[in-house]
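Subject: Structure handover and findings

Hello,

Here is the structure for your files. Please open it alongside this note. The findings follow below.

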Number of protein chains: 2
Amino acid sequence: MQANTRILGIDPGSRVTGFGVIDVAGRHHSYVASGCIKTPVGAPLAERIAVIVRHINEIIVTYRPTQTAVEQVFVNVNPAATLMLGQARGAAIAALTLHDLPVYEYTALQVKQAVVGKGKAAKEQVQHMVVQMLALSGTPQADAADGLAVALTHALRNHSLAAQIQHGLTIKAGRFR
Amino acid sequence: MQANTRILGIDPGSRVTGFGVIDVAGRHHSYVASGCIKTPVGAPLAERIAVIVRHINEIIVTYRPTQTAVEQVFVNVNPAATLMLGQARGAAIAALTLHDLPVYEYTALQVKQAVVGKGKAAKEQVQHMVVQMLALSGTPQADAADGLAVALTHALRNHSLAAQIQHGLTIKAGRFR
């Protein structure tokens, strides 16, 4: 990972898409921004997708991330909900690819393991660790915390990857484009 | 519907996205273009989404449609397949909304009813009717025919809507943005 990397983390959802931006310099992580993109409830699909694309575009233009990490969504048992979640996620990734940003993907399990240290962590533990790791003065809203958590996951996994390579192991980076 | 309308119809799929462009002048429909966007098999998701967005963008820049119609995808029983289909569809609609184009949605049932006259029509019947209605000299590939079929559906449904309004009925147009 480059000396100065700015990571945009995204946790897509059909109603709320969380995002978090962090700076990474060596082993130091610092908070830049976070928040939620809320799609208008009951609005037509195209309108909801337009809201996601427009806001992610604004975030990229404002914060100029160099890398992006997207949480792999939970595959719901309800097909209609899964389809809607997929559509929101597809729109979010479309917005990222428009800026030619590298997109990395992490499962919820990988995020919890990286941030809390165990895959079965509760949502509150993820929020708590995000506050600790970024030395925040308050607790961000759950979706924003998830956006920050996936950004931190990308940073942490690449630290350990870099360390392993230094120790003589050759590992293929899990880069997604 | 305006006197001269150019409709871009899209049939999203996780591997192949079909598209068709038609011109509508009154009750006359004419063929403009059609084809398939194939996403690289086995490529990472972001790459596949980038291919969809880039190609739809090129189609819009080349053919300058004034309206767009997107087929509502079949909700698969396999959650992973449904998610992938949703992501491809979300990316396609994201590309349309970037050009501020109105997006209308039609179910496969509505497409078959509009083009063939019955909801249980086979794929070949849809292809056959597309060839007839647009006086094509050859049969387009199945996904391209589906793109043309959803564009024709939008044209036909708006004709009948316009006719009903002329006969004194007030009907809310099914506009999606």
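Contact, throughout this email, means heavy atoms within 4.5 Å. With neighbours within four places in sequence left aside, Val115(B) is in contact with Val126(B), Met129(B), Val130(B), Met133(B), Ala149(B), Leu152(B) and Thr153(B).

First, the ground rules. This is a predicted model, in which local features need pLDDT of at least 70, side-chain atom pairs count only at pLDDT 80 or more, and totals for chains, interfaces and linings use all residues. Residues are numbered from 1 along each chain as its sequence is written, chains are lettered from A and ligands numbered from 1 in the order in which they are written, and side-chain values use heavy atoms, with hydrogens and water left out.

**Val115(B)**

Val115(B) sits in helix H3 (residues 108-115) of chain B. Helices (H or I, at least four residues) and strands (E, at least two) are DSSP runs, numbered from the N terminus. The relative accessible area of Val115(B) is 4%, so the residue is buried. Buried means under 20% relative accessible area, exposed over 50%, partly exposed in between (1.4 Å probe, protein chains only). Val16(B) is 99 residues from Val115(B) in sequence and 21 Å from it in space, C-alpha to C-alpha.

**The annotated site in chain A**

UniProt, in an unreviewed entry, lists Asp11(A), Glu71(A) and Asp143(A) under "active site". They span 133 residues in sequence, yet no two of their C-alpha atoms are more than 11.3 Å apart, so they gather at one spot. A caution on the record: UniProt positions are given in the numbering used here, feature names are shortened, and annotations may be inferred rather than shown by experiment.

Asp11(A) belongs to strand S1 (residues 4-11) of chain A. Its relative accessibility is 11%, so Asp11(A) counts as buried. Residues up to four places away in sequence aside, Asp11(A) touches Val16(A), Thr17(A), Gly18(A), Glu71(A), Asp143(A), Asp146(A) and Gly147(A).

Glu71(A) is in strand S4 (residues 67-72) of chain A. Glu71(A) is buried too, at a relative accessible area of 12%. With the same exclusion of residues up to four places away in sequence, Glu71(A) touches Ile10(A), Asp11(A), Pro12(A), Arg89(A), Tyr106(A), Ala108(A), Val111(A), Asp146(A) and Val150(A).

Strands S2 (residues 16-25) and S3 (residues 28-38) of chain A run antiparallel and are joined by 10 bridges. Two strands pair if DSSP finds at least two bridges between them. Ala25(A) has His28(A) in S3(A) as its bridge partner. The two strands form a hairpin with 2 residues between them, and Gly26(A) in the turn has a positive phi of about 65 degrees.

In helix H4 (residues 123-133) of chain A, Val126(A), Gln127(A), Val130(A) and Val131(A) are buried. They cover an arc of only 135 degrees around the axis, which puts them on the same side of H4(A). The arc is that of the directions from the helix axis to the C-beta atoms.

Most residues other than glycine have a negative phi. Ala135(A) is not a glycine, yet has a positive phi of about 50 degrees. Ala135(A) is found in the loop between H4 and helix H5 (142-166) of chain A. It is exposed, with a relative accessible area of 65%.

Chain B has its own entry here. Phi of Ala135(B) is near 50 degrees, a positive value in a residue other than glycine. Ala135(B) lies in the loop between helix H4 (123-133) and helix H5 (142-166) of chain B, and at 66% relative accessibility counts as exposed.

**Thr39(B)**

Thr39(B) is in the loop between strand S3 (28-38) and helix H1 (45-63) of chain B. At a relative accessible area of 6%, Thr39(B) is buried. Residues up to four places away in sequence aside, Thr39(B) touches Ser14(B), Arg15(B), Arg48(B), Val51(B) and Ile52(B).

**How the chains relate**

A rotation of 180 degrees with 0.0 Å of shift along its axis superposes chain B on chain A (RMSD 0.0 Å). That is the relation of a two-fold axis. Copies are superposed by least squares on the C-alpha atoms of residues with pLDDT of at least 70 in both. Of the interface residues of chain B, 100% are also interface residues in chain A, so the copies meet through the same surface.

Best regards
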